[in-house]
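Work through the exercises below with the sequence and the model open. Each task is followed by its solution.

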Amino acid sequence: MLSSEEREEIEREFAHYPTKEAVCIDAMKIVQRRRGWISDESLQDIAGLLGMSVDEVDGVASFYNLIFRKPVGRHVIMICDSVSCWIMGYEKLRTQLTSRLGIKMGETTPDGRFTLLPIVCLGACDHAPVMMIDNETHRDLDPEKIDAVLEKYT
Amino acid sequence: MTKIFVDGRPFDVPENQSMLQACLTLGFDLPYFCWHPALGSVGACRQCAVKQYRDEKDSRGRIVMSCMTPVAEGVRISIRDAESVSFRAAVIEGLMQSHPHDCPVCDEGGECHLQDMTVMTGHAYRRYRFSKRTFRNQNLGPLVNHEMNRCIQCYRCVRYYREYAGGHDLKEFVLRNLVYFGRQNDGVLENEFAGNLVEICPTGVFTDKTLKQHYTRKWDLQLAPSVCVHCGIGCNTSPGERYGTLRRIVNRYNGEVNGYFLCDRGRFGYEFVNSPERLRQPRLQKGGQGETADGPVALVHARKLLDGGKVIGIGSPRASLEANFALRTLVGQERFFAGVEDEEHRLTARMLEILRSGLARSPSLGEIEKADAVLVLGEDVTQTAPRMALSLRQSVRQQPFELVDKLQIPRWLDHAAREAVQDAKGPFFVAAPHPTKLDDVAAATYRASPDDLARLGFAVAHAIDSSAPDVPQLTDGVRALAGRIAEALKNAKRPLVVSGPSLKCEALIQAAANVAWALCRAGKPAALSFTAPECNTLGLGLMAARPLGEAQQALKSGEADTIVILENDLYRRAPREQVDALLASARHLIVLDYLETSTTHKAEVVFPSAPFAECEGTFISNEGRAQRAFQVYVPEGGIRAAWQWLRDLLIASGANGAAAWQGVDDVLKTLAGSLPAFSAVPQAAPSAAFRMAGEKVAREPHRYSGRTAMHANINVSEPKPPDDPESPLSFSMEGVSEQPPPALIPFFWSPGWNSIQSVNKFQQEIAGPLRGGDPGVRVIEPAKPTEPDGPAGPDGNARADFLGAPPAVFEPQPDRVLLVPIYHVFGSDETSQRAPAIRELTPKPYVALDSEAARRFGLNDGDLAEVAVNGAVERLPVKVRDGMAAGVAGLPVGLPGIENCRLPAWARITRP
Ligand code: SF4
Ligand code: SF4
Ligand code: FES
Ligand code: FES
């Protein structure tokens with residue numbers, strides 16, 4: 001069930017859009033901000049609130065790679081695999097990350113600390129290779145810097 | 001007409017269409033995927049690319065999508081241009097990249113648009129060497145099978161399902177090369193028209209799950225043009241048979257009736273024909289034991305029973321005209337009774353009278369789709385005349401189309417047109433006792449008891465024409481609603497009123513007629529459509545049979561002592577005690593039917609008759625269209641058409657005239673000659689004498705395989721195909737090589753076009769009538785057609801006196817509820833409910849209560865309630881259904897387990 005804060009926050013958005021369906025993305029962001037991800041149950045609750053079918057809400061959810069339909073770790077690492085970063089050594093970075101964390105792309109560390117995901121160009125090509133952890137962008141990376149960066153996140 | 005150039009050749013084509021459509025009409029083979037004639041163009045798949053040139057000097061040109069390019073004066077395109085050819089080949093190579101290449105095990109194989117288009121573009125060799133994306137499939141219920149790996153992302157399925165059919169539980173998910181078409185979770189597709197996905201999807205993603213149980217390739221099926229028998233709409237179908245069982249049904253395009261689509265009851269209800277409960281041999285009752293007998297023995301026995309001459313016949317709305325007429329001839333006009341509930345009989349007569357003597361014409365489904373303001377009065381159309389609901393759903397686009405026209409967006413440019421109108425819908429009003437599936441497109445709904453619904457109708461008529469009876473004691477709210485509806489109908493160009501007999505309320509039918517007539521008198525070409533419960537309700541209605549209730553009288557008075565019942569289970573028509581009494585007072589009972597029923601159990605002689613697909617017959621739809629259904633295959637055992645059994649009984653009883661009845665044509669000729677209402681019926685299809693270049697139409701595709709081997713386990717010599725002198729079709733793969741006339745098309749196929757999309761090649765223009773005109777002949781017309789300009793009526797052109805008077809205000813009762821009938825697309829129809837796939841979707845009996853009423857009676861959803869109605873008490877689980885009219889509750893009718901129950905009726909509901 002949605003909490004009353006979640007519900008109220010979503011309902012506040014209704015005023016900004018011509019239809020309830022249009023609030024769909026915002027509603028999922030609101031729920032994800034509090035819970036980290038969108039469970040099947042949250043999906044149903046949001047659908048009910050917006051007068052949509054679960055199929056319709058999941059159609060939107062599954063389209064956006066920043067809406068998580070599976071639980072994620074406390075911190076989400078998104079490593080850019082687009083062309084500039086690829087040229088500048090994305091692959092080495094990835095190897096370093098996966099070996100340090102002991103997980104593959106798309107997985108979460110057993111201690112629930114990190115989830116590792118790929119992402120398309122972060123708009124910081126001039127500082128490639130780049131990755132983003134939660135809302136923070138880390139630029140001009142190389143494999144040696146990874147440990148120091150990860151340390152900041154507990 | 002506009003001049004266009006295709007590969008340098010000039011053609012005159014109508015405007016208002018895309019170049020793709022024009023090219024297909026002209027007979028060019030141009031591949032496409034995302035375009036569908038009923039869905040319009042979105043330009044998504046890029047398969048229909050052609051080169052367009054500025055003028056005759058332009059030799060370079062540019063690639064455009066033909067489906068997105070409007071026909072306009074002087075447009076020049078090339079299909080053959082080398083660059084376009086390789087572009088199209090590249091597109092299909094991309095689409096096929098992850099395709100599993102599993103045609104041999106794919107149910108679509110042999111009638112697959114993707115196969116056809118792949119061959120057409122010449123993509124014969126796969127270069128892609130990497131792994132393919134694969135998906136998990138879903139269980140979508142008993143009707144539609146899902147195999148996502150075959151998807152080419154054309155988006156037709158979701159466009160059809162969501163935008164056309166109004167469904168919500170099918171969607172596209174994810175993105176890029178992982179786009180997935182399905183439901184959020186496994187589960188039965190909710191929409192009543194989901195089965196059309198089988199034909200909409202150009203590949204083998206969505207296929208017919210019932211066909212899978214007894215799979216046969218299209219080219220191995222024996223087919224014939226047929227008509228659906230599961231409601232009164234009369235959709236045209238192509239049933240296919242192999243090894244003596246029916247394998248599946250596909251749509252048979254009729255531009256005026258079903259167009260490209262069927263409902264799921266009609267598509268999947270056919271399996272009753274294969275039921276183990278079929279009657280296959282005549283049966284004689286001897287000392288309480290049923291004994292099978294040969295036809296001649298049974299006929300001799302039956303003739304003896306008829307000898308006394310005191311025989312009455314009970315006809316049937318699910319039997320053909322031929323069968324009903326043969327029975328009527330056997331027993332005599334005064335002894336022919338309608339095999340329906342008396343109230344239904346009376347209402348059918350009313351509806352016929354209104355349609356034949358009034359001002360308003362009954363529209364075809366094609367016309368319903370084009371109505372621009374609609375009032376539905378007292379019908380849950382999705383459940384009682386399903387295919388009509390799909391047409392009504394399209395009608396709400398008509399008024400918004402005017403904005404689309406103003407913006408100069410072609411209507412067929414589907415997403416541009418939808419984007420332009422956003423959520424705008426034309427005026428559409430639903431008045432019913434409970435929520436209906438069309439409420440989502442309604443501008444307003446009104447929920448009330450049948451009488452109050454009729455009062456709304458009368459008020460609308462009065463608001464349009466003050467000489468129509470006024471309605472006393474109308475609340476302000478209802479008067480305002482009536483005014484709003486009246487205004488919308490008056491301002492429309494093609495207003496439509498839909499009603500019917502479902503609520504057994506004559507006032508509703510009168511009110512609907514009054515609204516339509518008031519509009520006609522105001523100079524509007526209003527249409528009036530009544531639903532009809534069964535496939536030949538109107539055909540039987542036109543035969544002026546006596547009401548069933550009088551049959552008891554006839555037996556009591558000694559007027560008769562023997563009953564012949566035609567394809568009818570009387571226990572579905574009247575309460576058990578009454579039927580028991582009726583049958584008990586007959587000395588002899590002869591029943592003809594194809595399925596075992598409670599009625600056949602009581603018969604002294606049972607003749608196994610042939611259902612649709614096993615015999616030929618003519619039916620009159622709710623529109624008043626007489627349509628012929630042809631025999632698909634020769635059944636095994638002693639089965640014969642009911643009219644043939646009856647004819648033989650006639651001959652045995654010495655009626656020599658009947659001996660001339662060799663085929664359906666002869667029966668219809670006698671019928672047309674003796675009852676003027678049927679004079680046009682023989683024109684519904686060409687006669688048995690039809691030949692093209694000396695040949696009949698083949699029921700089997702010319703690739704039909706195994707003919708010499710399929711019966712080898714019985715006899716190594718190939719059997720001679722059954723003779724069929726009384727039909728324009730042959731049980732063979734040899735036949736006319738040209739396109740047959742529209743009423744005789746057994747299946748759609750054209751060289752290079754193996755899928756059902758080959759229908760393009762059979763139409764005068766895309767989505768227009770079939771070449772030679774859409775099948776069927778209208779036999780019900782208003783007394784004088786309404787003139788679009790100039791009121792008819794008062795000057796005596798046709799009857800235009802308003803009918804009836806508004807009923808009194810409905811008073812809800814604290815201790816009782818008015819129980820109204822609730823209909824189910826899956827379950828309420830007698831024959832389709834005996835098809836396994838439909839049975840799986842049929843609800844269990846229940847009583848529907850509003851939450852307020854449930855609270856009042858101390859009941860919760862799922863509780864058992866005692867329902868006392870019509871002197872009997874039933875125990876039924878409660879279904880809380882919100883939005884029921886105050887004071888009204890509902891009981892599903894026609895479901896297995898719910899015996900005939902005369903509704904509406906007052907009922908007491910209590911906790912046991
Ligand atoms: S499932 Fe069929 S209709 Fe739907 S997108 Fe795929 S190929 Fe097209
Ligand atoms: S049941 Fe009625 S609406 Fe459905 S396909 Fe048959 S005739 Fe058409
Ligand atoms: S490619 Fe990585 S930030 Fe642009
Ligand atoms: S049919 Fe024209 S782009 Fe798909």
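**Exercise 1: a helix pair**

Cys24(A), Ala27(A), Met28(A), Val31(A) and Arg35(A) of H2(A) make contact with Ser42(A), Ile46(A) and Leu50(A) of H3(A). Contact means that the C-beta atoms of two residues, placed from the backbone, lie within 7 Å. The model is predicted: local features need pLDDT of at least 70 and side-chain atom pairs pLDDT 80 or more, while totals for chains, interfaces and linings use all residues. Residues are numbered from 1 along each chain as its sequence is written, and chains are lettered from A and ligands numbered from 1 in the order in which they are written.

Task: classify the residues of this contact, then describe the crossing of H2(A) and H3(A).

Solution.
1. By class, the contact has six nonpolar, one polar and one charged residues. Nonpolar covers Ala, Val, Leu, Ile, Met, Phe, Trp, Tyr, Cys and Pro, charged covers Asp, Glu, Lys and Arg, and the others, Gly among them, are polar.
2. Two packed helices are described by the angle and the distance between their axes.
3. For H2 (residues 24-35) and H3 (residues 40-50) of chain A, the axes come within 11 Å and cross at roughly 140 degrees. Axes are lines fitted to C-alpha atoms over the stretch in contact, with angles from 0 to 180 degrees between N-to-C directions.

4. The crossing of H2(A) past H3(A) is right-handed, that is, the near helix is turned clockwise from the far one by less than a right angle.

**Exercise 2: the two chains**

Task: how many residues of chain B touch chain A, and of which classes are they?

Solution.
1. Chain B contributes 10 residues, in contact with eight residues of chain A.
2. On the chain B side, four are nonpolar, two polar and four charged.

**Exercise 3: chain A**

Task: what is the extent of the C-alpha trace of chain A along its principal axes?

Solution. The trace spans about 50 × 30 × 25 Å.

Notes:
Helices (H or I, at least four residues) and strands (E, at least two) are DSSP runs, numbered from the N terminus.
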